[in-house]
Amino acid sequence: MPEWELEIRKHLAGLNLRPEREAEIIEELSDHLQQRYEELGAEGAGQVLAEIDWRNLVPELQASARTPERGSVAEGATPSGHLFSDFAKDLQFALRMLRKSPGFTAVALLTLALGIGANTAVFTVVDSLILNPLPVEKISGLAAVNTTQLKKTSQSGDLQAISYLNLKDIREQTRAFRTLAGHSYPMAVTMTDKNEPHRIFAEIVTANYFDTLGIHPFLGRFFLPGEDRTPGAAPVAVLGYTAWQSRFGGVSDILGKTIKLNETPFTIIGVGPKGFKGVYAVFGPDLWIPSMMAAQALPAEQRNALTDRGMPLFTGIGRLQPGITLAQAQAEMKISGAALEKEYPGANEGKSLTVTPLLEAAYGPERQPVVLGGILLMAIVSFVLLIACSNVANLLLARSSVRRQEIAVRISLGAGRMRLIRQLLTESVLLGLFSGILGFLFGHGGCRILESLRPAEYAENLADLRLNASVFVFAFAVAILTGLIFGIVPALRTSRVSVSEVLKEETRSRGRSRGRVALANMLLAGQVAVSLVLLVVAGLFLRSIEREYAIDPGFQTEHLALFMLYPGQAGYDRVRTEQFYKLVLDRAARIPGISSVSWASNLPLWGRQETGIAIEGQEARKRSEAISAVIDTVDLNYFSTMGIPFLEGRDFTQNDRDVSTPVAIINETMAAQYWPNQDALGKRFQLPQDREFLEIVGVVKTTNYQTLGEPPQACAYIPLRQHYTDSMILYARSERDPSTVLAAVPTEIHSLDPGLAVEDIRTGSKVIDQALWWSKMGVGLLGAFGLLALGLASVGLYGIMAYSVSQRRREIGVRMALGAGPGSVSFLVLRQGMAVVASGVGVGMALSLLLGRVLARFLYGVSGSDPIGVGGASFALLAVAFVACYLPARSASRLDPLVALREA
Amino acid sequence: MGTKVEEAWKKGSAELLVLSLLEDQPRHGYEIGKLIEVRSGGTLHFHVASLYPLLYRLEKRGWIEGRWVEKANQRRRRYYRLTAEGQRVLELQRRKWQEFAGAVGRIAGVQHA
């Protein structure tokens, strides 16, 4: 018997079949040949082989293997070798197609890259600020411990710090936390390096702080337990990575170097890890010092923080024991809080302890707006990307008419529909990936721009935007997804070409291209609607911030210059500090252009509230119902410098001194709240932790103390000459633009003492700017994305209108030949385009009104359906859309009917 | 040119032929080829190179189903039978073919038997 099997196997070798499948085919075919051989008789062996058209067998088998499976029989799955070689072919072909039409490729690439770039940038922000704000070990196991008031009294967030002694007790007793550390807020301290004073931020931390977070030093080491046992004994500091780079040039011999903090020499023992700026996600310190050095860093009135149980300083950071839940830790802290209240009622009455996941505590009260803002921005940029996708989908649809011939030829050559779709999708995914690379670069650029917009004086302390692996994965995934989204509809459409129809048709098939235009119109109307929504949102926030700028804070900001000074940190004692305050006032008042000067302890809009004020003649309140007010220590002429009018009584005078009656000035809100329907002048009250009663000598108008446009708050002003403070802010009222005096004042101060840091300088309008910084950033981003969306949508509109005019050349030619004027032809085209725009605007308006309701709570003084915001945005969009439609309409009206008809 | 036309016609009708032959009973490849040749009086002839790929294609589409069958004193052979979907397709193709043949006949003046 001839060796059929060998012969067949030889021919099937190139097919790369699965071995089992190959064996089956060989068995079946050789059986066939054997039967034929038996039929022909012994001499037929040669004829049997000669009868087989071997050249045809292999391609036929290949073709049958590619047949799409329709039924349930899953016989002969495509061998993997094919899939791979097909993919390589698809890739080559796709590259060739993209190179072949550079115009289309460039427009699509740029459109998508802008969309992907916007997404990458916003995702980087969200990732750096919300998803992964802290580069610490296993953040889910970390929790913040804070003091809370059992009954909420203050309006500004209810998480408060814990005093050192309370923290120490909790730490010794806790079982829920494996380790419990404490850290203060970043404190402004004066660092003197080579006799040059600088204002930097230091955080006071317990020695186990870094261990609890599970981070490791970049250089050197962190604090040892022994360095945090005796007050003042171990002046050592750990430098932040950013501060090391920017203030010390990243020199490698930094360890062991001595710097002066508030005139105390500290030795640098380590540098923190890269990217770590403390556990507040937004604002971080330049360096850390052990808690036993607190007295050296804190202002005079907080120097006894380590011994006074009533003085809050630390936020606790605990690492949960394995297996302990947050709820269990919370239960334990509640018990600890109750025990502390019972044992030390003087300091702890009405207070409890609360546990928050560190990720939440990282923002404090600002978390909610930050998260909502992040979600809103993510939603907006995904809409921008959707617009970009639908634009490119439209381009592909328009192009598919050009490629019909090519596709028809390939179908007639035996290409299956799935195979075609795969090829088309390979092209669009490839386009998506190229756009992803470009978009990643755009996103990177966008992040650098955003970082450069941070207020310069704090830029080093603010969170960095980190482009890390997760951002890269995100951009990659978005790029692929984008390719699939914009590619799938055109691919399905294009592959549905009927061979006979294309080969038959001499002119373009009307019905089909009209169907394509209908789909394109729908995409366009969607784009218009989404762009409108984005523009309306941007418009509403723009209106809102405009209103915010118009808010009268109750004090003048136009002619105000502010200088923060920390004489206490330069080693001044009380006598010298008081002398210094007087000297500075004298010198500054003599500077030309300055009309009045004064001192105050609070920065505008950074008022500190104190709780526990007692009012004479009124029954003593429980601590849980304590009166709170903003307390501001001010010097003479403060009110005239700030432009705050008196309603009653007098200003502080030279005679209000240490030895005279303690006095205070209150605002009208406090007067109305605690002395309703009576004259507050002459009444007396007591500050928390103060034994003396203060007599009210004046009532002034209420201003904004913490935020712009806040509800009226009680405020009490006390005279500097009766209340010593070792750091103050110099307020200078200028006659003209305050920037003229910004240089002159520090020069005067340096002539008094070159060792004083005068770095915190700002004008009144800058204070307002900073207060509105977040809103401004938000409006800027919204506006930028809104304009990007509008730009993309109008390019898309223009493209599709131009395409539809080119499709209708014949019809337009006929119309013009029959006497239609250029005007009526333009009108025809314009009407078609603007109908699409109008339907988009209609849908967009409805969506905006819905969204406006949701956004209303973020808007100030503007309703979600603000007619100027909504109307203005619609008008802007209609105007741009009109131009995008008008250009093709004009070119249609200039069509030469003869040429158009001849072409057709 | 003539042979090319023939090829195309043969290709167009091959599916119909195979499906029809499997309508009554399962058959193996050689039998199908032989039957086509015999019943067409030698006009139609399917070679290995086109017959088996066609069978595999029909099988993959789920119109026919192949199964190895072992009988006494014989090598095992792959028998194909018509599936329910194949039955539907066969009826459809039969109707189409009749329409087509009828139309061609009316135009070309070919008389029906």
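**View 1. Position of A802(A) in helix α24 of chain A in the predicted model.** A802(A) belongs to helix α24, which spans residues 773-807 of chain A. The residue is partly exposed, because 19 other C-beta atoms lie within 10 Å, whereas a buried residue requires 20 or more. Y886(A) lies 84 residues from A802(A) along the chain, and the C-alpha atoms of the two residues are separated by 9.9 Å.

**View 2. The largest nonpolar core, with 94 residues.** The residues with the most contacts inside this core are V384(A), V528(A), L534(A), F785(A) and A789(A). The core lies between domain 2 (80-133 + 367-506) and domain 4 (526-553 + 766-904) of chain A, because both domains give residues to it.

**View 3. Surroundings of L534(A).** With neighbours within four places in sequence left aside, L534(A) is in contact with I380(A), F383(A), F785(A), G786(A) and A789(A).

**View 4. Contacts between chain B and chain A.** The interface brings 21 residues of chain B into contact with 23 residues of chain A. On the side of chain B that touches chain A, at least two residues each are supplied by α2 (29-39), α3 (48-61) and β3 (77-82) of chain B. The largest share, ten residues, comes from α3(B). Classified by type, this side of chain B comprises nine charged, seven nonpolar and five polar residues.

Terms used
Residues are numbered from 1 along each chain as its sequence is written. Chains are lettered from A and ligands numbered from 1 in the order in which they are written. This is a predicted model: local features need pLDDT of at least 70, side-chain atom pairs count only at pLDDT 80 or more; totals for chains, interfaces and linings use all residues. A nonpolar core is a set of buried Ala, Val, Leu, Ile, Met, Phe, Trp, Tyr and Cys residues joined through C-beta atoms within 7 Å. A residue is buried if 20 or more other C-beta atoms lie within 10 Å of its own, exposed if 12 or fewer, and partly exposed in between; C-beta atoms are placed from the backbone. Domain bounds come from an automatic or database domain assignment. Two residues are in contact if their C-beta atoms, placed from the backbone, lie within 7 Å. Helices (H or I, at least four residues) and strands (E, at least two) are DSSP runs, numbered from the N terminus. Ala, Val, Leu, Ile, Met, Phe, Trp, Tyr, Cys and Pro count as nonpolar, Asp, Glu, Lys and Arg as charged, and the others, Gly among them, as polar.
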